[in-house]
Amino acid sequence: PETWREQLGLPPQYFLTASRLVEKKNVAGLLRAYGAYVSQAGANPWPLLIAGDGTLMDELQTLASSLKLVGLVRFLGYLSSEQMAPVYAVASVFILASSHSEQWGLVVNEAMAAGLPVLVSRVCGCVSDLVLDGMTGFAFNPAENAQLTSLLVGCASGQFDLLRMGQKARRQIVL
């Protein structure tokens with residue numbers, strides 16, 4: 001893991017999301033919730049890495065800038081599954097913030113298989129099967145950014161045992 005972290009320039013702890021950058025994935029809502037987290041986090045907020053590409057890339061980069069998140073939010077662009085593997089492997093928490101019509105959310109399976117706790121929008125089809133609140137991660141209402149902000153704060157502040165949650169997430173996928 002440390003070799004990957006060094007080779008890819010990844011921080012010690014970070015939030016990760018991976019999706020197409022389109023409206024339904026609600027990356028703008030995630031950025032707003034993350035911005036609120038940063039204002040509460042103190043001196044060392046965890047960065048947010050966004051893997052993916054899409055029609056909203058420029059708009060989302062502009063939003064991150066307007067929220068004064070430059071340097072904290074890193075847009076990775078499209079990454080193949082081989083490129084994503086080490087990014088998942090050393091992340092701290094995975095987030096899927098879809099706002100509507102998410103049939104399943106396969107990236108949640110991938111993140112959990114990598115041993116990551118997950119924060120997943122309640123509109124994702126996988127929530128009822130994979131997200132055991134407080135055990136493998138947490139589900140949240142994507143229309144209420146404050147819920148996601150609170151979860152981000154809890155994750156980064158040590159309120160949750162992320163290692164244990166990640167281990168349970170991996171076991172949940174194997175089931």
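Trainee: Quick one to start: in which loop is Ser101 found?

Mentor: Ser101 sits in the loop between S4 and H5; helices (H or I, at least four residues) and strands (E, at least two) are DSSP runs, numbered from the N terminus. This is a predicted model, where local features need pLDDT of at least 70, side-chain atom pairs count only at pLDDT 80 or more, and totals for chains, interfaces and linings use all residues. Residues are numbered from 1 along each chain as its sequence is written, and side-chain values use heavy atoms, leaving out hydrogens and water.

Trainee: Okay! Is Ser101 buried or exposed?

Mentor: Ser101 is exposed, with a relative accessible area of 52%. Buried means under 20% relative accessible area, exposed over 50%, and partly exposed in between (1.4 Å probe, protein chains only). Ser101 also has a positive phi, near 55°, in a residue other than glycine.

Trainee: And what about the phi of Asn26?

Mentor: Asn26 has a positive phi of about 60°, although it is not a glycine. Asn26 belongs to the loop between S1 and helix H2 (27-41), and it is buried, with a relative accessible area of 14%.

Trainee: Switching topic: how many helices and strands does the protein have?

Mentor: There are 8 helices and 6 strands. From the N terminus on, the order is α-β-α-β-α-β-α-β-α-β-α-β-α-α.

Trainee: Which residues are buried in helix H4?

Mentor: In H4 (residues 81-90), Met84, Pro86, Val87, Tyr88 and Val90 are buried.

Trainee: Nice, and what covers the buried residues of H4?

Mentor: The cover includes helix H1 (2-8), strands S1 (15-18), S2 (48-51), S3 (73-77) and S4 (93-96), and helix H5 (106-113). Contact here means heavy atoms within 4.5 Å.

Trainee: Now Gln172, where does it lie?

Mentor: Gln172 lies in helix H8 (residues 162-174), and it is buried, with a relative accessible area of 16%.

Trainee: What does the side chain of Gln172 reach?

Mentor: The Gln172 side chain reaches the backbone oxygen of Asp129 at 2.9 Å. Leaving aside residues up to four places away in sequence, Gln172 touches Met112, Asp129, Leu130, Leu132 and Thr136.

Conventions
A polar contact is a pair of N or O atoms within 3.5 Å; within protein, one must be able to donate a hydrogen and the other to accept it, and residues adjacent in sequence count only if both atoms are side-chain atoms.
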